[in-house]
Amino acid sequence: MLTNVCQRVSDQSTCSLTNSYIPLQWRLSTITPIPKIARPLTEADFRPISITSILSRILEKMVVRRYFYPFITQPSSNRIFMDQFAFRPSGSTSAALISITHELQSMLNSEPYVRVICLDFSKAFDTVRHKHLADQLAALPIPDFLYNWILALLLERQHCTKYGGEISPLCTINASIVQGSGLGPSNFIVAISNLKPKHSGNRLPKYADDSYLLIPASCIDSTLSELDNISTWASISNLKLNHTKSKEMIVRRPRSKFTALPPPLPGIERVHEITILGVTLSDRVGFEKHIDRICCKARQSMFALRVLVAHGLRGQRLFDVVRATTVARLLYASPVWWGFASARGRNHLNVLLRKLIRSGFLPADFPSFSELCSRAE
């Protein structure tokens, strides 16, 4: 009986794809707001995640693996996605951070400074214009029936919001790539794929909608034209560049002499350190603040570990919990910052690891932090 059910589901999925037919239930979704911060106060502090049909999500993920991943991963066809590190098999936050750090180092080899602008788009996933997405999909090497099926999946969608035990009435939407759906992530990186720097000397690496504009000193006069170009692109895509949340930082070599810096950009705050994808980078290409922060969080986690021990968690199970939480937090993106860590920072991490071992939270033969970073790299 199970085999027959699976066969019917497979036949219906094939029929849906080839005929670009989307059942009504597949175009309904329930939005569950997920807090972005510990104590949300406004709507902007929530991330709207759409709960969609299970059958629809399964078919969408199959479509992504069969039709999208091949041209995203092939060097001959993925040039427009080379600066995007999210929602692709070979992409990760660590890969994005390594790319950004490498570009900074390469520029600083011949430039006195580099201007880094962290761009923030308001509600990027929820406001993408379907026409813009359709134009980008039309340029991809996908079959016509799949192009029609994706657009049919987005046509006349309805959603409601569930929060605090209450459910709102259904409302029709005519934008968004449906954050939380199987195709949503791939659709978004397709929609943002044509966001490129205007000047050939600048770089614009992206992780989903987190975009970082790198402008060397020799191209500093192109800053305003780059921002105008991004604003124009955002308007066409129905996105809005949030200047109040965007930051800029002037990065220099660690021991460089004083250099006259460009004036701050109007409406964009200039800072001396920026947290990029969870890793804090200083304006001297340093990660000491990041190391201090993760060590502080690791020390704070020891109280929770002691509570677990007091409730009877011991041995290998305790070790597994510590590896999956405290150690994983310490090692996050270590291939990016470990090579920049000072002797003080490395010693701080090794001391913390030895303390975890002495407290019985890790086995006595647990590797040193240097060995863990080597394995991660």
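This is a predicted model: local features need pLDDT of at least 70, side-chain atom pairs count only at pLDDT 80 or more; totals for chains, interfaces and linings use all residues.
Is Ser-20 buried, partly exposed or exposed, and at what relative accessibility? At 22% relative accessibility, Ser-20 counts as partly exposed, where buried means under 20% relative accessible area, exposed means over 50%, and partly exposed lies in between, with a 1.4 Å probe and protein chains only. Residues are numbered from 1 along each chain as its sequence is written, and side-chain values use heavy atoms, with hydrogens and water left out.

To stay with Ser-20, the residue sits in the loop between helix 1 (2-19) and strand 1 (28-35), helices (H or I, at least four residues) and strands (E, at least two) being DSSP runs numbered from the N terminus. Ser-20 is not a glycine, yet its phi is positive, at about 55 degrees. Most residues other than glycine have a negative phi. Ala-333 also has a positive phi, near 55 degrees, and is found in the loop between helix 10 and helix 11 (334-337). Ala-333, however, counts as buried, at 4% relative accessibility.

Let me turn to the salt bridges, each being a side-chain nitrogen of Lys or Arg within 4 Å of a carboxyl oxygen of Asp or Glu. By this rule the count comes to 11 salt bridges. Asp-83 and Lys-196 form one of them, with the closest N and O atoms 3.1 Å apart. This pair links distant parts of the chain, 113 residues apart, since Asp-83 is in the loop between helix 2 (54-73) and helix 3 (93-108) and Lys-196 is in the loop between helix 7 (184-191) and strand 8 (206-207). Asp-83 counts as buried at 15% relative accessibility, whereas Lys-196 is partly exposed, with a relative accessible area of 28%. Asp-83, Lys-196 and Lys-206 are linked in a network of salt bridges.

A second pair is Glu-269 with Lys-247, whose closest N and O atoms are 2.5 Å apart. Glu-269 lies in strand 12 (residues 269-270) and Lys-247 in strand 11 (residues 247-252), so the pair ties together parts that are 22 residues apart in sequence. Glu-269 is partly exposed at 44%, and Lys-247 counts as partly exposed at 25%.

Within helix 10 (residues 315-331), Asp-320 and Arg-323 lie 3 residues apart, about one turn of the helix, and their side chains meet in a salt bridge of 3.5 Å, N to O.

Strand 13 (residues 273-276) and strand 14 run antiparallel and are joined by 4 bridges, two strands being paired if DSSP finds at least two bridges between them. Ile-274 stands opposite Leu-281 in strand 14. The hairpin has 2 residues between the strands, and Leu-277 takes a positive phi near 55 degrees. Both faces of strand 14 (residues 279-282) are covered, with Val-279 and Leu-281 buried on one side and Thr-280 and Ser-282 buried on the other.

Finally, helix 7: why is it described as largely enclosed by the rest of the structure? The reason is that 7 of its 8 residues are buried, among them Phe-188, Ile-189 and Val-190. The buried residues of helix 7 pack against helix 2, helix 4 (124-127), helix 5 (130-138), helix 6 (144-154) and helix 8 (223-237), contact meaning heavy atoms within 4.5 Å.
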